[in-house]
Amino acid sequence: RLLIKDYMTHYINKNSEIFILDNPAPSLAKAGSGDILSGIILAYLSRNCDTNQNNKACDDIDNKVIHAISVHNSLGMAAFKQKKLKGAISEILDYL
C-alpha cells in the first residue's frame, strides 16, 4: 500500500489498484495538510480494531484509508468555500 499526498492524493491498495482524488480541495495544497490526513487515517484505522482478536475491522484497511481521504477532502472543500482559506492549514481543523 502506498499513499502519495501532493496537490492530488494517490492511493495504491494491496491489489495494486490506484485511486486518485481528482477533485482536490484547493485549500489542501499546502504544507501541513498531509499531517491532518495522517491523523484522520490513523483515527479510522484504530476504530473498532482490537489487535488481540481476529477482527474484520482490522482487515478493512483500504476502505478506511479511502474513506479518510474523502473526509479530508470534504473538510478542505468546506473550509475553502466558507472562509476562502488562504492562511494556515490549521484552520481546517475547525471543520473536524
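These legends describe close-up views of one predicted model. Residues are numbered from 1 along each chain as its sequence is written, and side-chain values use heavy atoms, with hydrogens and water left out. Because the model is predicted, local features need pLDDT of at least 70 and side-chain atom pairs count only at pLDDT 80 or more, while totals for chains, interfaces and linings use all residues.

View 1. Helices (H or I, at least four residues) and strands (E, at least two) are DSSP runs, numbered from the N terminus. Along the sequence the pattern is β-β-β-α-α-α. The chain has 96 residues, and 30% of them are buried. Buried means under 20% relative accessible area, exposed means over 50%, and partly exposed lies in between (1.4 Å probe, protein chains only). The accessible surface comes to about 6,100 Å², and carbon and sulfur atoms account for 53% of that surface. These areas come from the Shrake-Rupley method with a 1.4 Å probe; for residues, only the protein chains shown count as cover. Of the contacts (heavy atoms within 4.5 Å) between residues at least 6 apart in sequence, 54% join residues at least 24 apart.

**View 2. Strand β2 pairs with β1 and with β3.** Two strands pair if DSSP finds at least two bridges between them. Strands β1 (residues 2-5) and β2 are antiparallel and share four bridges. The two form a hairpin with three residues between them, and Lys5 has Thr9 of β2 as its bridge partner. On the other pairing, β2 and β3 (residues 18-21) also run antiparallel, joined by four bridges. Here Tyr11 stands opposite Phe19 of β3.

**View 3. Strand β2 (residues 9-12) has a covered face and an uncovered face.** Thr9 and Tyr11 are on the covered face, whereas His10 and Ile12 are on the uncovered one. In a regular strand, side chains alternate between the two faces of the sheet. Thr9 has a relative accessible area of 4%, so this residue is buried. Leaving out residues up to four places away in sequence, Thr9 touches Leu3, Ile4, Phe19, Ile20, Leu21, Leu37 and Ile69.

**View 4. Ser16 sits in the loop between β2 and β3.** Five residues lie between the strands of this hairpin. Ser16 has a positive phi of about 65°, although it is not a glycine. Most residues other than glycine have a negative phi. With a relative accessible area of 58%, Ser16 is exposed.

**View 5. The largest nonpolar core has 15 residues.** A nonpolar core is a set of buried Ala, Val, Leu, Ile, Met, Phe, Trp, Tyr and Cys residues joined through side-chain atoms within 4.5 Å. Ile40, Ile41, Val65, Ala68, Ile69 and Ile92 touch the most other members. Helices α1 (33-46) and α3 (61-83) each supply at least two residues of this core. Apart from residues up to four places away in sequence, Ile69 touches Leu3, Thr9, Tyr11, Leu21 and Leu37.

**View 6. Asp62 and Arg1 form a salt bridge.** The structure holds one salt bridge, a term for a side-chain nitrogen of Lys or Arg within 4 Å of a carboxyl oxygen of Asp or Glu. The distance between the Asp62 and Arg1 side chains is 2.9 Å, N to O. The pair links distant parts of the chain, with Asp62 in helix α3 and Arg1 in the segment before β1, 61 residues apart. Asp62 counts as buried because its relative accessibility is 12%.
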